[in-house]
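Colleague: I am new to this one. Could you show me the model and take a few questions?

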Amino acid sequence: MNVPKAVEPGPPWDYAELVREYARGGGGAIDLGTGGGEFVESLRDHLPPRTAATEEWHVNAPIAYGRLSALDVDLVWCRSLHLPFQHETFDLVIDKHEELDPWEVARVLRPGGKVLTQQVGPNNWVELQRFFGAATPGNRGDSRVADFGDIRGDYALGFAEAGLVVTRNEEHDYRVAYEDLGLLVFMLLITPWTIPDFDVERDIEALLALEAECSTDDGLVMTWSRFLLAAEKPA
Ligand SMILES: C[S@@+](CC[C@H](N)C(=O)[O-])C[C@H]1O[C@@H](n2cnc3c(N)ncnc32)[C@H](O)[C@@H]1O
């Protein structure tokens with residue numbers, strides 16, 4: 001699948017590189033909401049021998065299981081918000097673009113353990129707001145684009161309240177170019193939580209209006225928003 005190309009500088013951090021750094025010397029690690037397990041597979045040599053991953057979605061769980069068990073990574077089919085592990089089991093919790101519960105993370109971390117997470121920020125695809133109207137209760141103003149609130153603030157506060165020390169808390173927005181409207185539509189279809197009632201046929205006018213306004217020589221330019229949080233459990 002073609003990924004959009006950045007037309008502005010991306011985040012001043014490299015999540016994969018940070019995971020390698022945080023995993024050094026650790027006893028046990030876990031990746032929350034691992035999807036098909038591709039990210040853990042790409043970093044397996046840098047992760048501790050005792051590494052696990054969680055996955056909730058029935059489509060991805062078997063895929064992740066197949067991919068990760070071959071790498072001696074235990075795949076646990078569960079929600080990231082309810083971790084079926086003992087207290088103080090891991091030295092490292094990693095999480096890329098998956099929900100988490102700061103208290104659950106703190107509970108499964110050993111003293112001295114760390115959590116590192118990169119998440120999608122509030123301004124991601126902000127351009128959608130202008131084109132997807134028609135009120136749906138609970139969403140920003142009259143947009144149909146889901147509003148997840150201040151996740152970064154909630155997670156940082158939650159980590160602190162759970163006794164962790166937040167060591168990194170950064171957010172970065174930058175613009176990327178999709179090669180065409182088709183790729184953006186594909187992304188909207190595989191992330192059904194973005195516009196929960198999205199329908200290509202019903203929304204074709206909105207899509208064409210977005211294409212007309214956001215198209216440049218680079219392609220269809222949209223905002224990507226990412227944030228990074230890291231925290232440590234006092235030893
Ligand atoms: C956005 S994905 C991130 C996965 C992985 N951590 C990564 O960074 O590639 C977060 C979670 O959403 C799940 N997911 C992806 N597409 C989904 C869909 N269409 N319906 C339900 N869950 C989905 C994934 O399986 C994963 O558990």
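Colleague: How many of the seven residues of strand 5 are buried?

Modeller: Keep in mind that this is a predicted model. Buried here means under 20% relative accessible area. By that cut-off strand 5 is mostly covered, and the count of its buried residues is six.

Colleague: Which residue of strand 5 is the bridge partner of A29?

Modeller: Start with strand 2, residues 28-32. Strand 2 pairs with strand 5 in the parallel sense, over four bridges. Within strand 5, the partner of A29 is L92.

Colleague: Which residue in strand 6 does F90 stand opposite?

Modeller: Strand 5 also pairs with strand 6, in the parallel sense and over six bridges. In strand 6, the residue opposite F90 is L109.

Colleague: Why do the buried residues of helix 1 line one face?

Modeller: Helix 1 spans residues 15-23, and its buried residues are Y15, A16, L18, V19, Y22 and A23. Look down the helix axis: they line one face because they fall within an arc of 160°.

Colleague: Which strands are included in what covers those buried residues of helix 1?

Modeller: The cover includes a helix, namely helix 2 (38-43). It also includes strand 5, strand 6, strand 7 and strand 9.

Definitions and conventions
Residues numbered from 1 in each chain as written. Predicted model: local features only at pLDDT ≥ 70, side-chain atom pairs only at ≥ 80, totals over all residues. Heavy atoms only, no water. Buried < 20%, exposed > 50% of the residue type's maximum accessible area, 1.4 Å probe, protein only. Helix = DSSP H or I, 4+ residues; strand = E, 2+ residues; numbered from the N terminus. Arc of directions from axis to C-beta. Contact = heavy atoms within 4.5 Å. Pairing = 2+ DSSP bridges.
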